[in-house]
Amino acid sequence: MTAEDRVRCSDAEREEAVRALQNAAAQGRLTLAETDERTAAVYSARYRDQLRGALAELPAPESRRERAPAGWMPVLVMSGRQLLSDLALLAGSAGVPANRRRRVVLAALTAAGLLFVVLLAVHGIAGEGHELERH
């Protein structure tokens, strides 16, 4: 046992270990009973070597670079790509034959979206949520 092992673990390290256990359970590497037992051991751990014991026989967690990005950015990127794809389809340059009904529906949805954004801007809902005030 090294001096690093006898360092007290933090709450953040415990939470990271619990996430690793939950991921292992989601992947089918642990049963629910094993996950509960190991989670209890993680929350009662005082030292880092006790955390490693609870994570024994599990693959090492993937590095932060390999994880999917968190937050709204992936959603915004995906929405932007979908919008560009829909606009290309609407313009007829997507290489996919689009019938008249599809074009009408896409045009109506695009117009409704733009109207919604304009209404949010005019009424100030996107900002403070108050009506325009006179000074």
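Reader: Which residue forms a salt bridge with Arg 14, and how far apart are the closest N and O atoms?

Author: As a general idea, side chains of opposite charge can pair when their charged atoms come close. In this predicted model, the partner of Arg 14 is Asp 11, and the closest N and O atoms of the two side chains are 2.7 Å apart. Both residues belong to helix H1, where a spacing of 3 residues corresponds to about one turn of the helix.

Reader: Are Arg 14 and Asp 11 buried or exposed?

Author: The two ends of this bridge should be read separately. Arg 14 is buried, its relative accessible area being 14%, whereas Asp 11 is exposed, with a value of 58%.

Reader: How many salt bridges does the count come to, and which side chain does Asp 49 meet in one of them?

Author: The count comes to 4 salt bridges. In one of them Asp 49 meets Arg 6, with a distance of 3.1 Å from N to O. Asp 49 lies in helix H3 (residues 48-54) and Arg 6 in the segment before helix H1 (11-26), so this pair ties together parts that are 43 residues apart in sequence. Arg 6 itself is partly exposed, with a relative accessible area of 40%.

Reader: Which residue does Glu 57 pair with, and where in the chain do the two partners lie?

Author: Glu 57 forms a salt bridge with Arg 38, the closest N and O atoms being 3.6 Å apart. This pair links distant parts of the chain, since Glu 57 is in the loop between H3 and H4 while Arg 38 is in helix H2 (residues 32-44), 19 residues away. Glu 57 counts as exposed at 76% relative accessibility, but Arg 38 is buried at 16%.

Reader: How many aromatic pairs does a search of the whole structure find, and what sits over the ring of Tyr 47?

Author: A pair of aromatic rings is described by the distance of the centres and the angle of the planes. Here the search of the whole structure finds 0 such pairs. Over the ring of Tyr 47 sits the charged end of Arg 6, 3.9 Å from the ring centre, and Arg 8 also lies over the face of Tyr 47, at 5.8 Å from the centre.

Reader: Which residues make the nonpolar surface patch?

Author: The patch, of about 540 Å², is made by Trp 72, Met 73, Val 75, Leu 76 and Val 77. Among them, Leu 76 is found in helix H4 (residues 73-91) and is exposed, with a relative accessible area of 53%.

How values were computed: Residues numbered from 1 in each chain as written. Predicted model: local features only at pLDDT ≥ 70, side-chain atom pairs only at ≥ 80, totals over all residues. Heavy atoms only, no water. Patch = residues over 30% accessible without salt bridge, like charges linked within 9 Å, V, L, I, M, F, W, Y side chains within 5 Å. Areas by Shrake-Rupley, 256 points an atom, 1.4 Å probe, with all protein chains shown as cover. Helix = DSSP H or I, 4+ residues; strand = E, 2+ residues; numbered from the N terminus. Buried < 20%, exposed > 50% of the residue type's maximum accessible area, 1.4 Å probe, protein only. Phe/Tyr/Trp six-rings, centres within 6.5 Å; stacked < 30°, edge-to-face > 60°. Lys NZ or Arg CZ within 6 Å of the ring centre and 35° of its normal.
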